[in-house]
Amino acid sequence: MADLKALAEQLVNLTIKEANELAKILEEEYGIKPAAAAVAVAAGPAGGDGAAQAEEKTEFDVILKAVGGNKIAVIKEVRAITGLGLKEAKELVDSAPKAVKEGVSKEEAEQIKAKLEEAGAEVEIK
């Protein structure tokens with residue numbers, strides 16, 4: 001029982017960076033993907049200021065805010081990005097503001113944003 005309390009104490013005192021490293025180890029070596037909330041709870045008390053937490057964000061959502069002037073081009077890009085059929089892509093575009101893609105890397109989110117903006121859409125990354 002004392003070992004479990006010591007382990008709990010170590011987990012509570014992890015920094016955000018250490019918690020992320022632990023999550024990677026658990027996933028890569030043991031096939032366990034920890035829930036984001038569990039990692040955030042473990043890292044929360046020992047975390048630094050809000051700016052440090054913002055830097056650690058690894059998953060982003062690409063939100064289609066407005067279609068713009070060229071709706072057909074935007075629908076084509078949404079289909080290419082998401083793999084949706086024509087009807088589903090049109091429904092997504094018509095229901096803006098709406099998430100086009102969720103939980104993607106910053107690099108992928110920027111690429112998606114650039115493609116959609118090139119087609120004439122207004123896009124936001126959260």
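Author: Start at V62. It stands opposite K101 in strand 2. Strands here are DSSP runs of E with at least two residues, and helices are runs of H or I with at least four, numbered from the N terminus.

Reader: Before we go on, what kind of model is this?

Author: This is a predicted model; local features need pLDDT of at least 70, side-chain atom pairs count only at pLDDT 80 or more, and totals for chains, interfaces and linings use all residues. Residues are numbered from 1 along each chain as its sequence is written, and side-chain values use heavy atoms, with hydrogens and water left out.

Reader: Back to V62. What does V62 stand opposite in strand 3?

Author: I125. Strand 1, residues 60–66, pairs with strand 2 in the antiparallel sense over four bridges. Strand 1 and strand 3 also pair antiparallel, over four bridges. Two strands count as paired if DSSP finds at least two bridges between them.

Reader: Which residue stands opposite L64 in strand 2?

Author: K98.

Reader: And in what order do the three strands sit in the sheet?

Author: The order is 2-1-3, in an open sheet with antiparallel pairing. Strand 2 (98–104) and strand 3 (122–125) are the edge strands, each pairing on one side only. From one strand to the next, the twist averages 20°. Angles run from 0 to 180 degrees between N-to-C directions, with axes as lines fitted to C-alpha atoms.

Reader: Which residues have the most contacts inside the largest nonpolar core?

Author: V62, L64, V74, V78, V93 and L116; that core has 19 residues. A nonpolar core is a set of buried Ala, Val, Leu, Ile, Met, Phe, Trp, Tyr and Cys residues joined through side-chain atoms within 4.5 Å. Strand 1, helix 5 (71–82), helix 6 (86–94), strand 2 and helix 7 (106–118) each give two or more residues to the core. Helix 5 gives the largest share, four residues.

Reader: Pick V93. What does V93 touch?

Author: V93 touches L64, V67, K71, V74, I75 and V78, leaving aside residues up to four places away in sequence. Contact means heavy atoms within 4.5 Å.

Reader: How much of the protein is buried?

Author: Buried residues make up 21% of the 126 residues.

Reader: Where is the pLDDT below 50?

Author: Over residues 37–43, a stretch that has 11 contacts in the model beyond near neighbours in sequence. The protein averages a pLDDT of 78, and 80% of the residues score at least 70. pLDDT is the predictor's confidence in each residue, from 0 to 100. Where pLDDT is low, the predicted coordinates should not be read in detail.

Definitions and conventions:
Buried < 20%, exposed > 50% of the residue type's maximum accessible area, 1.4 Å probe, protein only.
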